[in-house]
Amino acid sequence: MEGECRAPQARSSGLPAGGGGGESPGGDAPLPGSSGSFALLQAEVLDLDEDEDDLEVFSKDASLMDMNSFSPVMPTSPLSMINQVKFEDEPDLKDLFITVDEPESHVTTIETFITYRIITKTSRGEFDSSEFEVRRRYQDFLWLKERLEEAHPTLIIPELSSHKKQGPGLLSRMGQTVRAVALSMRGVKSRPEEFMEMNNFIEIFSQKINLIDKISQRIYKEEREYFDEMKEYGPIHILWSASEEDLADTLKGVASCIDRCCKATEKRMSGLSEALLPVVHEYVLYSEMLMGVMKRRDQIQAELDSKVEALTSKKADTDLLTEEIGKLEDKVECANNALKADWERWKQNMQNDIKSAFTDMAEENIHSYEQCLATWESFLTSQTDLHLEEASEDKS
């Protein structure tokens, strides 16, 4: 049993050679590193307007997760659509890079879709080549995510989130409903206390992060409206100065101050849209994904509980049930161990990410305010000195 638990963890965040076939459903070339490597896509969301349900939202932060930590070598940005991650599977081995970039639109007689270039660079011996380059579409990333969740149901997979305009088919929805009802009817009779605490944490976290996301979006919208209005005042003061000879220099000075404040505001808004909003929205998606992880853990637990109950009531072959229960006990233990290990890593990363995002945003806001304040103070000082000089000349 112990060996069975270790094996999934050793490849917990990996892509088994193409998910069983070595190839994704969207093309002939293998996914990067499919010859024994592992790949996941970290979530940073890029909203794309597509008529086809093939692509609605793509999370493009490519990473290769192991049970160990990883560190990005460049910041992510939804504007650049480029992300490069450096992986640290071993302290002295830092030689694996994956980049996802260059979105490309494809139009056929049947559909319109977007593909992304994926480049994997490495010097590790288990790879057939030192560099792989393929193009993949949304369905391929979704396929990868589904295979990983099947293989490792309780690992926290920070990959992508899809929002379809068309929901699943009728049979699929019926199947999901039947499974959900069956699970709710059975329930989980012996959920460990630590997983109860996890579930409570996720529910509270989901409420708070969704509220923060809404507030952040509203702040950005108000900042945008303020900026659009403010940038109109500069040209107005320039036009005004043309008709007021005595106030021309003063009005031009005001226009110059407004222009500088506009630039500071624009920079602050850029930081908000590129640093804070993506991080907050990423963890909105994480909250949804974590709920799915807990449901999958509970399903495994509920299946074990039902077998134990059947054995107790002797409703089936006891020998067969005993064997099945043994396997399910191993499965539950492995699932629980994987979730506990991944949970601590996720919480630490979440705390660091959110703290860093808000700290950086606060520092940017302070810097922007100080810039605007210094601009206006300098202008007022120069105007005061000018008036004092003019008053002195009048007296003389």
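**Contacts around I209**

Author: I209 touches V280, Y283, V284, S287 and I354, when residues up to four places away in sequence are not counted, contact meaning heavy atoms within 4.5 Å. This is a predicted model, in which local features need pLDDT of at least 70 and side-chain atom pairs count only at pLDDT 80 or more, while totals for chains, interfaces and linings use all residues. Residues are numbered from 1 along each chain as its sequence is written, and side-chain values use heavy atoms, with hydrogens and water left out.

I209 lies in helix α4, which spans residues 193-230; helices here are DSSP runs of H or I with at least four residues, numbered from the N terminus. I209 counts as buried because its relative accessibility is 5%, where buried means under 20% relative accessible area, exposed over 50% and partly exposed in between, with a 1.4 Å probe and protein chains only. Of the residues that I209 touches, V280 is 71 residues away from I209 in sequence, yet the two are 6.9 Å apart in space, C-alpha to C-alpha.

S287, another of the residues touched by I209, is placed in helix α6 (residues 248-313). With a relative accessible area of 0%, S287 is buried, and, leaving aside neighbours within four places in sequence, S287 is in contact with I202, F205, S206, I209 and N210.

Elsewhere in helix α4 is I219, which is partly exposed, with a relative accessible area of 40%.

Key: Helices (H or I, at least four residues) and strands (E, at least two) are DSSP runs, numbered from the N terminus.
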